[in-house]
Amino acid sequence: MLNGILWLLATGAPWRDLPERYGPWSTVANRFYAWQKAGLWTRLLAALQQEAHERGELDWSLHFVDGSVIRAHQHAAGARKDTRRGDEALGRSRGGYSTKLHVRAERRGKPMVVLLIASGQVKRMHGGGRPRHRPRRVAADKGYSSRQTRGYLRRRGIGAVIARKRNECRRGSFQRQLYRERNQVERLINRLKQFRRVATRYEKRAVNYLAMVLIAAILLWL
(Lines give C-alpha, C1' and ligand atoms only; values in the text may rest on other atoms or scores of the structure.)
Protein backbone atom coordinates (compact mmCIF):
# COMPACT_ATOMS: atom_id res chain seq x y z
CA MET A 1 0.00 0.00 0.00
CA LEU A 2 2.66 2.48 1.05
CA ASN A 3 4.90 1.70 -1.92
CA GLY A 4 1.94 2.30 -4.21
CA ILE A 5 1.36 5.73 -2.68
CA LEU A 6 5.09 6.56 -2.99
CA TRP A 7 5.06 5.47 -6.65
CA LEU A 8 2.14 7.79 -7.31
CA LEU A 9 3.87 10.65 -5.48
CA ALA A 10 7.02 10.26 -7.57
CA THR A 11 5.39 9.80 -10.98
CA GLY A 12 2.31 12.02 -10.75
CA ALA A 13 0.33 9.34 -12.58
CA PRO A 14 -3.46 8.96 -12.17
CA TRP A 15 -4.67 6.52 -9.53
CA ARG A 16 -6.06 4.20 -12.21
CA ASP A 17 -2.57 3.83 -13.73
CA LEU A 18 -1.15 2.32 -10.54
CA PRO A 19 0.79 -0.89 -11.45
CA GLU A 20 -0.96 -4.13 -10.49
CA ARG A 21 1.93 -5.18 -8.24
CA TYR A 22 0.70 -2.64 -5.66
CA GLY A 23 -2.80 -4.11 -5.57
CA PRO A 24 -6.13 -2.65 -6.74
CA TRP A 25 -5.77 1.09 -7.31
CA SER A 26 -9.04 1.79 -5.50
CA THR A 27 -7.83 -0.02 -2.38
CA VAL A 28 -4.58 1.95 -2.30
CA ALA A 29 -6.46 5.22 -2.91
CA ASN A 30 -8.96 4.49 -0.13
CA ARG A 31 -6.11 3.73 2.27
CA PHE A 32 -4.40 7.01 1.36
CA TYR A 33 -7.61 8.97 2.02
CA ALA A 34 -8.19 7.11 5.31
CA TRP A 35 -4.65 7.81 6.51
CA GLN A 36 -5.04 11.46 5.55
CA LYS A 37 -8.28 11.78 7.52
CA ALA A 38 -6.62 10.10 10.51
CA GLY A 39 -3.82 12.68 10.43
CA LEU A 40 -1.16 10.01 9.95
CA TRP A 41 1.16 12.06 7.73
CA THR A 42 1.10 15.03 10.11
CA ARG A 43 1.95 12.78 13.06
CA LEU A 44 4.80 11.08 11.20
CA LEU A 45 6.39 14.41 10.28
CA ALA A 46 5.98 15.66 13.85
CA ALA A 47 7.60 12.47 15.23
CA LEU A 48 10.63 12.85 12.94
CA GLN A 49 11.01 16.49 14.00
CA GLN A 50 10.73 15.51 17.68
CA GLU A 51 13.50 12.95 17.32
CA ALA A 52 15.74 15.45 15.52
CA HIS A 53 15.06 18.04 18.23
CA GLU A 54 15.98 15.60 21.00
CA ARG A 55 19.24 14.74 19.19
CA GLY A 56 20.08 18.44 18.86
CA GLU A 57 19.84 18.26 15.07
CA LEU A 58 17.11 20.87 14.70
CA ASP A 59 18.39 24.45 14.47
CA TRP A 60 16.02 27.03 16.00
CA SER A 61 18.36 30.00 15.60
CA LEU A 62 17.02 30.93 12.15
CA HIS A 63 14.11 29.66 10.05
CA PHE A 64 13.24 30.56 6.47
CA VAL A 65 9.86 31.12 4.85
CA ASP A 66 9.08 31.11 1.15
CA GLY A 67 6.23 30.34 -1.20
CA SER A 68 5.81 28.89 -4.66
CA VAL A 69 2.90 28.93 -7.09
CA ILE A 70 1.95 25.36 -8.01
CA ARG A 71 0.20 24.77 -11.30
CA ALA A 72 -3.00 22.80 -10.83
CA HIS A 73 -4.11 20.22 -13.38
CA GLN A 74 -7.52 20.82 -14.90
CA HIS A 75 -8.80 17.75 -13.05
CA ALA A 76 -8.00 19.47 -9.73
CA ALA A 77 -10.97 21.79 -10.26
CA GLY A 78 -14.61 20.86 -9.79
CA ALA A 79 -14.66 19.62 -6.21
CA ARG A 80 -18.10 19.66 -4.62
CA LYS A 81 -18.55 22.85 -2.66
CA ASP A 82 -18.41 22.45 1.09
CA THR A 83 -18.56 25.51 3.31
CA ARG A 84 -16.48 23.70 5.92
CA ARG A 85 -13.61 23.26 3.46
CA GLY A 86 -13.45 26.78 2.02
CA ASP A 87 -12.24 27.36 -1.52
CA GLU A 88 -9.85 24.36 -1.65
CA ALA A 89 -6.87 26.76 -1.97
CA LEU A 90 -7.35 27.08 -5.74
CA GLY A 91 -6.94 30.34 -7.60
CA ARG A 92 -7.44 31.13 -11.26
CA SER A 93 -5.34 33.31 -13.59
CA ARG A 94 -4.58 33.53 -17.28
CA GLY A 95 -2.41 30.45 -16.99
CA GLY A 96 -5.22 28.40 -15.46
CA TYR A 97 -5.73 27.08 -11.95
CA SER A 98 -2.97 27.25 -9.35
CA THR A 99 -2.40 26.95 -5.63
CA LYS A 100 0.18 28.66 -3.39
CA LEU A 101 2.52 26.44 -1.44
CA HIS A 102 4.15 28.03 1.62
CA VAL A 103 7.11 26.34 3.29
CA ARG A 104 9.04 26.98 6.48
CA ALA A 105 12.49 25.43 6.77
CA GLU A 106 14.91 25.26 9.67
CA ARG A 107 18.44 26.57 9.23
CA ARG A 108 19.82 23.34 7.79
CA GLY A 109 17.10 23.25 5.14
CA LYS A 110 14.81 20.56 6.57
CA PRO A 111 11.04 21.12 6.20
CA MET A 112 9.21 22.27 9.32
CA VAL A 113 5.79 23.38 8.06
CA VAL A 114 4.07 23.26 4.69
CA LEU A 115 1.11 25.45 3.62
CA LEU A 116 -0.01 26.40 7.13
CA ILE A 117 2.96 28.43 8.30
CA ALA A 118 1.71 29.46 11.73
CA SER A 119 0.79 25.92 12.85
CA GLY A 120 4.29 24.41 13.11
CA GLN A 121 5.50 23.28 16.49
CA VAL A 122 7.66 20.50 17.90
CA LYS A 123 6.57 18.75 21.08
CA ARG A 124 9.20 17.78 23.62
CA MET A 125 9.47 14.02 24.01
CA HIS A 126 10.87 14.10 27.54
CA GLY A 127 10.60 16.36 30.55
CA GLY A 128 7.28 17.94 29.72
CA GLY A 129 7.08 21.66 29.11
CA ARG A 130 5.39 23.61 26.35
CA PRO A 131 6.02 22.60 22.73
CA ARG A 132 8.86 24.44 20.98
CA HIS A 133 7.51 26.18 17.90
CA ARG A 134 9.17 29.60 17.76
CA PRO A 135 12.53 30.11 16.08
CA ARG A 136 14.72 33.01 17.24
CA ARG A 137 14.57 34.66 13.82
CA VAL A 138 12.66 34.24 10.57
CA ALA A 139 14.09 35.20 7.17
CA ALA A 140 11.85 35.88 4.17
CA ASP A 141 11.82 37.91 0.98
CA LYS A 142 10.02 41.23 0.52
CA GLY A 143 6.83 39.43 -0.50
CA TYR A 144 6.31 38.70 3.21
CA SER A 145 7.14 42.24 4.31
CA SER A 146 4.19 44.01 5.90
CA ARG A 147 3.33 45.79 9.11
CA GLN A 148 1.09 42.87 10.11
CA THR A 149 3.81 40.26 9.57
CA ARG A 150 6.46 42.21 11.44
CA GLY A 151 4.05 42.93 14.27
CA TYR A 152 3.11 39.26 14.51
CA LEU A 153 6.78 38.27 14.84
CA ARG A 154 7.60 41.09 17.26
CA ARG A 155 4.76 40.17 19.63
CA ARG A 156 6.13 36.63 19.80
CA GLY A 157 9.71 37.67 20.36
CA ILE A 158 10.89 36.49 16.92
CA GLY A 159 13.45 38.56 15.06
CA ALA A 160 12.53 39.51 11.48
CA VAL A 161 15.16 39.17 8.75
CA ILE A 162 12.83 40.32 5.98
CA ALA A 163 13.74 42.52 3.04
CA ARG A 164 11.66 45.70 2.88
CA LYS A 165 9.70 46.90 -0.13
CA ARG A 166 10.66 50.15 -1.84
CA ASN A 167 7.66 52.00 -0.41
CA GLU A 168 8.44 50.95 3.17
CA CYS A 169 10.39 52.99 5.67
CA ARG A 170 13.86 51.64 6.44
CA ARG A 171 14.08 51.09 10.18
CA GLY A 172 16.96 49.48 12.01
CA SER A 173 19.80 47.40 10.59
CA PHE A 174 19.25 44.61 8.09
CA GLN A 175 21.15 41.37 8.73
CA ARG A 176 22.17 40.75 5.13
CA GLN A 177 24.49 37.85 5.99
CA LEU A 178 21.62 35.90 7.55
CA TYR A 179 19.32 36.83 4.68
CA ARG A 180 21.74 35.23 2.21
CA GLU A 181 21.13 31.87 3.87
CA ARG A 182 17.54 32.02 2.65
CA ASN A 183 18.55 29.92 -0.36
CA GLN A 184 18.06 26.94 1.98
CA VAL A 185 14.28 27.19 1.70
CA GLU A 186 14.47 27.81 -2.05
CA ARG A 187 16.49 24.63 -2.47
CA LEU A 188 14.05 22.80 -0.21
CA ILE A 189 11.11 23.79 -2.42
CA ASN A 190 13.05 22.52 -5.44
CA ARG A 191 13.62 19.18 -3.70
CA LEU A 192 9.92 18.91 -2.86
CA LYS A 193 9.06 19.61 -6.50
CA GLN A 194 11.14 16.64 -7.61
CA PHE A 195 8.07 14.66 -6.62
CA ARG A 196 5.72 15.18 -9.55
CA ARG A 197 2.61 14.96 -7.40
CA VAL A 198 3.92 18.04 -5.56
CA ALA A 199 5.20 19.94 -8.62
CA THR A 200 1.70 19.76 -10.13
CA ARG A 201 -1.49 19.60 -8.10
CA TYR A 202 -3.85 16.84 -9.24
CA GLU A 203 -5.98 16.54 -6.08
CA LYS A 204 -9.36 18.25 -5.97
CA ARG A 205 -9.27 18.58 -2.18
CA ALA A 206 -6.66 20.83 -0.59
CA VAL A 207 -6.23 18.39 2.32
CA ASN A 208 -5.27 15.61 -0.09
CA TYR A 209 -2.71 17.79 -1.88
CA LEU A 210 -1.33 18.80 1.52
CA ALA A 211 -1.01 15.09 2.37
CA MET A 212 1.11 14.54 -0.75
CA VAL A 213 3.39 17.44 0.22
CA LEU A 214 3.66 16.08 3.77
CA ILE A 215 4.71 12.64 2.48
CA ALA A 216 7.41 14.28 0.36
CA ALA A 217 8.56 16.26 3.43
CA ILE A 218 8.69 13.04 5.47
CA LEU A 219 10.91 11.39 2.85
CA LEU A 220 13.31 14.35 3.02
CA TRP A 221 13.59 13.86 6.80
CA LEU A 222 14.37 10.14 6.53
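Student: Which helix gives the most to the lining of the largest pocket, and how do I read such a feature?

Tutor: Start with the general idea: rolling a probe the size of a water molecule over the atoms shows where empty space is left. Here, on a 1 Å grid over the protein atoms alone, a pocket is an open set of points where a 1.4 Å probe fits, with protein on both sides within 12 Å along at least five of seven lines, and lining residues have an atom within 4 Å of a point. In this structure, H2 contributes the most to the lining of the largest pocket, three residues. Before we go on, please keep in mind that this is a predicted model, in which local features need pLDDT of at least 70 and side-chain atom pairs count only at pLDDT 80 or more, while totals for chains, interfaces and linings use all residues. Residues are numbered from 1 along each chain as its sequence is written, and side-chain values use heavy atoms, with hydrogens and water left out.

Student: How much space lies in that largest pocket, and which residues lie nearest its centre?

Tutor: The largest pocket holds about 480 Å³, a volume being the space filled by probe spheres set on grid points that are joined across faces, edges and corners. Its lining has 17 residues, and Trp15, Tyr33, Tyr202, Glu203 and Lys204 are the ones nearest the centre. Two or more lining residues come from each of helix H2 (25–37) and helix H8 (206–221). Helices (H or I, at least four residues) and strands (E, at least two) are DSSP runs, numbered from the N terminus.

Student: What does the lining of the largest pocket look like by class?

Tutor: There are six nonpolar, five polar and six charged residues in it. Ala, Val, Leu, Ile, Met, Phe, Trp, Tyr, Cys and Pro count as nonpolar, Asp, Glu, Lys and Arg as charged, and the others, Gly among them, as polar.

Student: Now salt bridges. How many does the rule count?

Tutor: The idea first: side chains of opposite charge can pair when their charged atoms come close. The rule asks for a side-chain nitrogen of Lys or Arg within 4 Å of a carboxyl oxygen of Asp or Glu, and it finds seven salt bridges. Look at Arg55: its side chain meets that of Glu51 at 4.0 Å, N to O, and it also bridges to Glu57, with the closest N and O atoms 3.1 Å apart.

Student: Are Glu51 and Glu57 buried or partly exposed?

Tutor: Buried means under 20% relative accessible area, exposed over 50%, and partly exposed in between (1.4 Å probe, protein chains only). Glu51 counts as partly exposed because its relative accessibility is 38%, and Glu57, at 39%, is partly exposed too.

Student: Which residue forms a salt bridge with Asp66?

Tutor: That is Arg182, with the closest N and O atoms 3.6 Å apart. Asp66 sits in strand E1 (residues 63–72) and Arg182 in the loop between helix H5 (176–179) and helix H6 (183–192), so the pair ties together parts that are 116 residues apart in sequence. Asp66 is buried at 9% relative accessibility, and Arg182 is buried at 10%. Through shared partners, salt bridges join Asp66, Asp141, Arg182 and Glu186 into one network.

Student: How do I check a helix such as H3?

Tutor: Compare its expected span, 1.5 Å times one less than its number of residues, with the model. The 15 residues of H3 (residues 40–54) should span 21 Å, and the end C-alpha atoms are 21 Å apart, so the two agree. Among the buried residues of H3 are Trp41, Leu45, Leu48 and Ala52. What covers the buried residues of H3 includes helix H1 (2–11), H2, strand E4 (111–114) and H8. Just after H3, Gly56 has a positive phi of about 75 degrees.

Student: Which residues does Thr99 touch?

Tutor: Contact means heavy atoms within 4.5 Å. Leaving out residues up to four places away in sequence, Thr99 touches Ser68, Val69, Ile70, Ala89, Arg201 and Tyr209. Thr99 is in strand E3 (residues 96–105) and counts as buried because its relative accessibility is 5%. Thr200, in strand E7 (residues 200–201), is buried at 12%; with the sequence limit of four places, Thr200 touches Ile70, Arg71, His73 and Tyr209.

Student: And what share of the 222 residues is buried?

Tutor: The figure is 42%, in a protein with eight helices and seven strands.
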